[in-house]
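Thanks for making the time this morning. I would like to walk you through one model, a region at a time, so please keep the display in view while I talk.

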Amino acid sequence: MNLGHTPYLEHANQEISWCPMDTLKLFVENMSRKEKKFLLMEYGWIDSKFTYKFNSHGFRCQEFSSEPSVVFLGCSMTMGIGLPIEKVWATIVADRLGLACYNLAIAGSSNDTAFRLAYYWLEKLKPKIVIYN
């Protein structure tokens, strides 16, 4: 049952190659446009393969536990659409802080979604820090 607290329920406990807003169709379209292909080549994305791994709650982060953590809320930039997990800013910040990274971001979401997720999850996760972008 999805009460809106599990954004990508269909991907829970899965590792997938493409994710909403980062699709094979969009990649092929971008490769057919000279200026887009140039950028993909310049940043090394043509031959770079990575996946989106989701925890059991449908978030792109590790499983939740009682360890000290930082929660991130936001949209596709915070979720890391188009990026391997080690290049996502939330992962980098959590690593620098020495805290578990609980990335509750949802691609294409807005303030009301971030609030709804925070309202539901913060009491359960009890993070040391909450960051919204």
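Let me begin with Asn111, which has its place in helix H5, and please keep in mind throughout that what you are looking at is a predicted model. Asn111 has a relative accessible area of 53%, and because the cut-off for exposed is over 50%, this residue counts as exposed. If you look for His57, which is 54 residues apart from Asn111 along the chain, you will find that the C-alpha atoms of the two are separated by 20 Å.

Now to the sheet, which is open and formed by three strands in the order E4-E3-E5, with parallel pairing. At its edges are strand E4, residues 100-103, and strand E5, residues 129-132, each of which pairs on one side only. On average, and ignoring direction, neighbouring strands of this sheet are turned by 20° against each other. Helix H5, which covers residues 111-125, packs on this sheet and touches E3, E4 and E5, while its direction makes about 160° with that of E3. Looking at one pairing in detail, strand E3, residues 69-73, is joined to E4 in the parallel sense over four bridges, and Val70 has Cys101 in E4 as its bridge partner.

Is Leu24 exposed or only partly exposed? Its relative accessibility is 47%, so Leu24 counts as partly exposed.

Methods: Residues are numbered from 1 along each chain as its sequence is written. This is a predicted model: local features need pLDDT of at least 70, side-chain atom pairs count only at pLDDT 80 or more; totals for chains, interfaces and linings use all residues. Side-chain values use heavy atoms; hydrogens and water are left out. Buried means under 20% relative accessible area, exposed over 50%, partly exposed in between (1.4 Å probe, protein chains only). Two strands pair if DSSP finds at least two bridges between them. Helices (H or I, at least four residues) and strands (E, at least two) are DSSP runs, numbered from the N terminus. Axes are lines fitted to C-alpha atoms, for helices over the stretch in contact, and angles run from 0 to 180 degrees between N-to-C directions. Contact means heavy atoms within 4.5 Å.
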